[in-house]
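Q: Can we go through this structure together? I'd like quick answers, one topic at a time.

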Amino acid sequence: MTNPLLLTDFYKTIHHMCYAEGMTKLVSYWTPRMSRKEDMNKVVMFGLQPFIKKNLINYFNEHFFNKSKEEVVTEYKRVISRTMGNIAADTKHIEALHDLGYLPIQIKAVEEGLRVNIKTPMIEITNTHEDFAWLVNYLETFMSCNIWQPMTSATIAYRYREIVDKYFELTVENGELKKACGDFSMRGFSSVESAEISSAAHLLSFVGTATIPSIVYLEKYYNCNIDDEIVGLGTPSTEHSVMCSYGTDEFKAYKRLITEVFPSGVISIVSDTYDYFNVITSLLPRLKEEILNRDGKVVIRGDSGDPVKIICGDKYAKKDSPEYKGTVELLWYIFGGKINSKGYKVLNSKVGTIYGDSITVERCEEICKGLEEKGFAVSNCVFGIGSYTYQYNTRDTFGFALKATHAVINGEERFIFKDPKTDTGNFKKSQKGMCYVYKEGQDILYKDELTIKEQEERKDNLLEVVFKDGKLIKDYSLAEIRNRLHENF
């Protein structure tokens, strides 16, 4: 495995020689500097704890401190000298860190599950030993590539939850809001690691997922156990290879699936292999008795076309055609249901629908609105959220960055900051000095330009120590994070 001191950008490796002489302390803050997402002006704090446990503790111990000094120094020097030259390959600071035997770093952070306003610092990092101020921003790249994704996915998942919550409140009674959206994104991610942490972030707001490793990930890093609580749930479901294996005899496929393979419980069947609306209007009526007598729910899954039109109907299609009515209205016509106390139609509990292709935040809201306008409860449809939602993002989606704001040089505290004149949107301007993060109403805000002593005097500072000198100080559970993020998970 790679020496953790090589898990950074090349330019970081020479900064220990470049900092102002006499610098004994550096303080930096991790901040979401802007939002590129509509109606997402707060970011969910999530994903720091696994980075600390997995990387700052386990990885550093196994691949740096527990290895011989000669081995780690030789590896470091070989790589840097052959890529950046001998001057850059200084190793005295690496040797000193190995001799120290632990990471002389303190990390403060807001609680995981807290939603923080854009431009408010979420994490503070500083050195605890005056010889290692260089290490603070050295860790930026390693930290950034591990934590921007979970925070981004958790924030987007929360926005989905807000949307379905709004329409559940309007149209649903006794509905299971946390089952309204499932994560279908794993196959679209660049690595298993990215997929599991992103899906774990999704599971802060919902319980449905197709990403199995996210369950194990949460158990490992967030103090939960599937034997004692619901961490995440999967759904028996078919794919096109299953349906195609029956040739064009779809009736045989459906009948066997619902009466022999899964005679009870939920079974989701992908239904657009050939002719989606023919399945609903011709095949399902023939299986009506089997479906109504079955102990469980048959869920019809569309997988192509415009999801809004497929679920809610296409008002521009031929009047009274299947396309005009859409999935939910057709299922209502075939299987019936009830009208709830809020006046909205709820499908017979034996059937339902899910759509898992091309769902976006905007389309989710369109579908919810379309069902509400047609008099149907939003709980009649489940949304499958894929990699277009969770992978099609970057660190810049919320402008995450770790920037130095405070230093001690030759015993003197200095406020340091960046404020480029060419940054016309005032996007890259950093904080200045020490920061104090506080709650005001529903907002999490901050004040900067404080000295170290002034910050320490703010007893209600939301930045709390979570890691210090190689040890985890705070250890959050999935349950408390969910409860912090949602009043009623």
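Q: Asn174 first. Does Asn174 count as buried or exposed?
A: Exposed: Asn174 has 77% relative accessibility. Buried means under 20% relative accessible area, exposed over 50%, and partly exposed in between, with a 1.4 Å probe and protein chains only. This is a predicted model, where local features need pLDDT of at least 70, side-chain atom pairs count only at pLDDT 80 or more, and totals for chains, interfaces and linings use all residues. Residues are numbered from 1 along each chain as its sequence is written, and side-chain values use heavy atoms, with hydrogens and water left out.

Q: Where is Asn174 found?
A: In the loop between α6 and β6 (181-183). Helices (H or I, at least four residues) and strands (E, at least two) are DSSP runs, numbered from the N terminus.

Q: And what is phi of Asn174 near?
A: Near 55°. That is a positive value in a residue other than glycine.

Q: What about phi of Asp320?
A: Positive as well, at about 70°, and Asp320 is not a glycine. Asp320 sits in the loop between α13 (307-312) and α14. Its relative accessibility is 53%, so Asp320 counts as exposed.

Q: On to helix pairs. At what angle do α11 and α14 cross?
A: Roughly 20°. The axes of α11 (residues 276-286) and α14 (residues 322-335) come within 10 Å. Axes are lines fitted to C-alpha atoms, for helices over the stretch in contact, and angles run from 0 to 180 degrees between N-to-C directions.

Q: Parallel or antiparallel, then?
A: Roughly parallel, therefore. The cut-offs are under 35 degrees for roughly parallel, over 145 for roughly antiparallel, 65 to 115 for roughly perpendicular, and oblique for the rest.

Q: Which residues make that contact?
A: From α11, Tyr276, Phe277, Ile280, Thr281, Leu284 and Pro285. From α14, the list includes Pro322, Leu330, Leu331, Ile334 and Phe335. Contact means heavy atoms within 4.5 Å.

Q: What's the split by class?
A: The contact of α11 with α14 has 10 nonpolar, 3 polar and 1 charged residues. Ala, Val, Leu, Ile, Met, Phe, Trp, Tyr, Cys and Pro count as nonpolar, Asp, Glu, Lys and Arg as charged, and the others, Gly among them, as polar.

Q: Now α3 and α4. What's the crossing angle there?
A: Roughly 155°, with the axes of α3 (residues 69-84) and α4 (residues 92-100) coming within 10 Å. These helices are therefore roughly antiparallel to each other.

Q: Who is in contact?
A: Lys69, Val72, Val73 and Tyr76 of α3, with His93, Ile94, Glu95, His98 and Asp99 of α4. By class, the contact of α3 with α4 has 4 nonpolar, 2 polar and 3 charged residues.

Q: Switching to α18. Which residues are buried in α18?
A: Leu478, Ile481, Arg482 and Leu485, in a helix spanning residues 478-485. They cover an arc of only 100° around the axis, which puts them on the same side of α18. The arc is that of the directions from the helix axis to the C-beta atoms.

Q: What do the buried residues of α18 pack against?
A: β2 (42-44), β4 (115-117), α6 (140-171) and α8 (212-221).

Q: Last one: where does Thr405 lie?
A: In strand β14 (residues 400-409). Thr405 is buried, with a relative accessible area of 0%. Not counting residues up to four places away in sequence, Thr405 touches several residues, among them Val27, Tyr29, Phe415 and Lys432.
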